Amino acid sequence: MIQFEQVSKVYSGGQTALKEVNFHLRQGEMAFLTGHSGAGKSTLLKLITVIERASAGRVAINGYDIAKVGPKHVPFLRRHIGMIFQNHHLLMDKSVFDNVALPLIIEGFSHGEIRKRVAGALDMVGLYGKERHLPIMLSGGEQQRVGIARAIVNKPPLLLADEPTGNLDPKLSMDILRLFETFNDAGTSVLIATHDLGLIARMKYRTFTLRQGRMLDNEEIGQQGGSL
Ligand SMILES: Nc1ncnc2c1ncn2[C@@H]1O[C@H](COP(=O)(O)OP(=O)(O)OP(=O)(O)O)[C@@H](O)[C@H]1O
């Protein structure tokens, strides 16, 4: 699904964020991406969504080299990726319905189809009946679930989450993880960037670990006794 081959990223200020990174997220796989603050997790996600471009190496989605995606076609590529952020980036002056409907409006779906799909997405995240609420009227966990509903409403084959449980308590974090598992069971590939080693330890998924921009292999992680 996602393949990095010898990928490096140097920002224009000269900051090296990724160094010769190799990794492969398989089709239908759910995995964690971890590492200390500044290790390069967000940068890696930004290369997949073409918010940033690699300085060297190859990033491929389904075998397609995304260096070949021109600026005009980037929005088309992003339609196939659901992105979830720690601070969920909701429009606070718009209703839950409007927030979740946004990707479908951009894609030009009919009103009827939008109503049906938004209701389905809100049902999946346990927020059915809250369509008319403003985000401010919801708890932090509920706001995060609105962000998740927006990310999955157009049924993307790939979900990327950047610290999706950062502000949530352990119980709510686990609920969010279970939600990702539901999507993964339905065939969606999921990559979750997180600092939360406790959460990772409780789940059975493969974990990619970055340290100062380098992807560690399992042997290196073992030698450090699991510390980053
Ligand atoms: N737009 C940018 N311009 C210059 N340097 C950047 C930019 N974005 C990130 N960096 C640098 O690249 C490195 C990796 O940053 P990145 O945000 O990918 O790390 P991270 O693992 O996601 O960190 P955190 O867990 O704190 O979010 C850091 O040294 C950071 O300062």
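Analyst: Happy to. Let's start with an open sheet of 6 strands, whose order is 6-7-8-3-9-10 and whose pairing is mixed. Strands here are DSSP runs of E with at least two residues, helices are runs of H or I with at least four residues, and both are numbered from the N terminus. Two strands pair if DSSP finds at least two bridges between them. At the edges are strand 6 (81–85) and strand 10 (214–216), each of which pairs on one side only. Ignoring direction, neighbouring strands of this sheet are turned by 20° against each other on average.

A word on the source: this is a predicted model, in which local features need pLDDT of at least 70 and side-chain atom pairs count only at pLDDT 80 or more, while totals for chains, interfaces and linings use all residues. Residues are numbered from 1 along each chain as its sequence is written.

Within the sheet, strand 3 (residues 30–34) and strand 9 (residues 206–211) run parallel and are joined by 4 bridges. Leu-33 stands opposite Phe-208 in strand 9. Helix 1 packs on this sheet and touches strand 3, strand 6, strand 7 (158–162), strand 8 (189–193) and strand 9. The direction of helix 1 makes about 150° with that of strand 7. Helix 5 (residues 140–152) also packs on the sheet, touching strand 6 and strand 7, and its direction makes about 165° with that of strand 6. For contacts, the C-beta atoms of two residues, placed from the backbone, must lie within 7 Å. Axes are lines fitted to C-alpha atoms, for helices over the stretch in contact, and angles run from 0 to 180 degrees between N-to-C directions.

Helix 1 (residues 41–48) also matters for the ligand shell: it gives the largest share, 3 residues. Among the residues surrounding the ligand are Tyr-11, Gly-40, Lys-41, Ser-42 and Thr-43; a residue is near if its C-beta atom, placed from the backbone, lies within 6 Å. The shell divides into 3 nonpolar, 8 polar and 1 charged, where Ala, Val, Leu, Ile, Met, Phe, Trp, Tyr, Cys and Pro count as nonpolar, Asp, Glu, Lys and Arg as charged, and the others, Gly among them, as polar.

Elsewhere, an open sheet of 4 strands has antiparallel pairing in the order 2-1-4-5. Strand 2 (16–25) and strand 5 (64–65) each have a single partner strand, so one side of each lacks a neighbour in the sheet.
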